[in-house]
Amino acid sequence: MAVTVITEANFENEVLKSDKPVLVDFWASWCGPCKMLSPVVDQIGEEMADIKVGKVNVDEEPGLARQFNVMSIPTLIVFKDGKAVNMSVGVQPKDAIVALLK
Amino acid sequence: MERYDIAIVGTGPAGLEAAITAKIRNKKIILFGSAALSEKVQKAHLIKNYLGLPEAGGADLQKAFLDHLSQMEIAITDEKVTLIYPMGDYFSIQSSGDMYEASTVILGAGMVPGKTYPGEETYLGRGVSYCATCDAPLYREKTVAIVGFTPKEEAEADFMAEYAGKVYYFPMYKDEVHVREGIEVIREKPVSVEGGMKVEKLITTGSAYDLDGVFFLRESVSPGQLVPGLEMDEGHVKVDRSMKTNIPGCFACGDITGQPYQYIKAAGEGNVAALSAVSYLDALRRAKA
């Protein structure tokens, strides 16, 4: 499934009201580790049909970063039924990211 | 991006021997570490059990090792490796200078004192960070402390000051500090990090500072942080007899794998690790053919 760019404007519809769990990747273009993690997050989005992947650029969306206390990137947050249920900070192995979704 | 066969991290006896063995086996290698070799080599007093070099001092060994490298035309990439990420059939490597790709990785970066401060791990990602260049823009107008373990980190403090409202710099070394104006240099030792949901205070030997973030910038990160998912065993990287770690294509050798901390043991393990990496590369090529 294609990756959705999440903004404050579409956050409610794309994330909170999503019928599938959403894996949201908080990133920025100046962050090296984010660039490493990003293709793996994309891969998970392609492999798992029952989830959705969203990306928040923290430079463009500082409000969302603040709202979820993102103080280090990359940060991954899993949303289920409108709630943040899991979170991980820093670069994680692929299995650990998949485990966040379980 | 150019893909190396083997990336080797560390310029102690383990990493150097791995590099030499891999080079003899005609592999395309990149060797990361200090160009003057590991400090542990330079500062060794006297080594009496290194085969063929009785009574060798650190400086003698350093010279002998460097001569061996130049004879084999092995260059050292003098950059600090900050993250190695397994991507499946290769590794993505981030250093202080650039990004690299390699099919296999050999960790020979020695043993780092694994001590962390109370509260450091609790607040990791909630105000504690190890990468100022990654997270500085998230601390716009905020108050942060940079705990720098080497003078190299002064540049990170300067970078942070471009964003943060207030920067305290705690040098963990004796040298004179050169940071930009406005950064407050404090010669106190951190004791612990405290807070509620996120970091609120850094407690030091002399005082306590109200702040939003603390950056611990150490000489080297622990192997588990360097390679996400790497299995450890009581502070050392867990390996088998062929120096394999739990991550396919990632090998470790030398002090990083555990005691005894001996030069000749480290060199021997470097040799084994390189040969195992060569076998792994062969298997990888066969699988792709």
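Predicted model: local features only at pLDDT ≥ 70, side-chain atom pairs only at ≥ 80, totals over all residues.

Colleague: Where is B:Glu141 placed, and what is its phi near?

Modeller: B:Glu141 sits in the loop between helix H4 (132–135) and E8 of chain B. Its phi is positive although the residue is not a glycine, with a value near 65 degrees.

Colleague: And B:Asn26, is that buried or exposed?

Modeller: B:Asn26 belongs to the loop between helix H1 (13–24) and strand E2 (29–32) of chain B. Here too a residue other than glycine has a positive phi, near 65 degrees. The cut-off for exposed is over 50%, and B:Asn26 has 68% relative accessibility, so the label is exposed.

Colleague: Now B:Ile247: buried or exposed?

Modeller: This one is in the loop between strand E16 (236–237) and strand E17 (250–252) of chain B. Beyond its sequence neighbours within four places, B:Ile247 is in contact with B:Pro86, B:Phe91, B:Val227, B:Pro228, B:Gly229 and B:Leu230. Buried means under 20% relative accessible area; B:Ile247 has 10%, so the residue is buried.

Colleague: What separates the C-alpha atoms of B:Ile247 and B:Val105?

Modeller: Along the chain, B:Ile247 and B:Val105 are 142 residues apart.

Colleague: Which strands stand at the edges of the open sheet in chain B?

Modeller: The sheet has 5 strands with parallel pairing, in the order E7-E14-E8-E9-E10 of chain B. An edge strand has a single partner, so one of its sides is left without a neighbour in the sheet. In chain B that describes strand E7 (128–129) and strand E10 (184–185).

Colleague: What is the bridge partner of B:Val144 in E9(B)?

Modeller: E8(B) and E9(B) run parallel and are joined by 6 bridges. In E9(B), B:Val144 is partnered with B:Val167.

Colleague: At about what angle does H5(B) run to E9(B)?

Modeller: H5(B) lies across E8, E9 and E14 of chain B. Relative to E9(B), the helix runs at about 170 degrees.

Colleague: Which element gives the largest share of the largest nonpolar core?

Modeller: That core has 35 residues, and among those touching the most other members are A:Phe26, A:Phe68, B:Ile146 and B:Phe215. Elements of both chains supply at least two residues each, including strand E2 (22–27) and helix H3 (62–67) of chain A and helix H5 (154–161) and strand E14 (213–217) of chain B. The largest share, 3 residues, comes from E2(A).

Colleague: Which peptide bond from A:Ile73 is cis?

Modeller: A:Ile73 is one of the core residues that touch the most other members, and A:Pro74 lies in the loop between H3 and E4 of chain A. Both A:Ile73 and A:Pro74 are in contact with A:Phe26. With omega near 0 degrees, the cis bond is the one from A:Ile73 to A:Pro74.

Colleague: Last one: which backbone nitrogen does the side chain of A:Asn10 reach?

Modeller: A:Asn10 is in the loop between strand E1 (4–5) and H1 of chain A. Leaving aside neighbours within four places, its contacts are A:Val5 and A:Val15. At 2.7 Å, its side chain reaches the backbone nitrogen of A:Thr7.

Technical notes. Residues numbered from 1 in each chain as written. Chains lettered and ligands numbered in written order. Heavy atoms only, no water. Core = buried A, V, L, I, M, F, W, Y, C linked by side-chain atoms within 4.5 Å. Buried < 20%, exposed > 50% of the residue type's maximum accessible area, 1.4 Å probe, protein only. Helix = DSSP H or I, 4+ residues; strand = E, 2+ residues; numbered from the N terminus. Contact = heavy atoms within 4.5 Å. Polar contact = N/O pair within 3.5 Å; in protein donor to acceptor, adjacent residues only side chain to side chain. Pairing = 2+ DSSP bridges. Axes fitted to C-alpha atoms, helices over the stretch in contact; angles between N-to-C directions.
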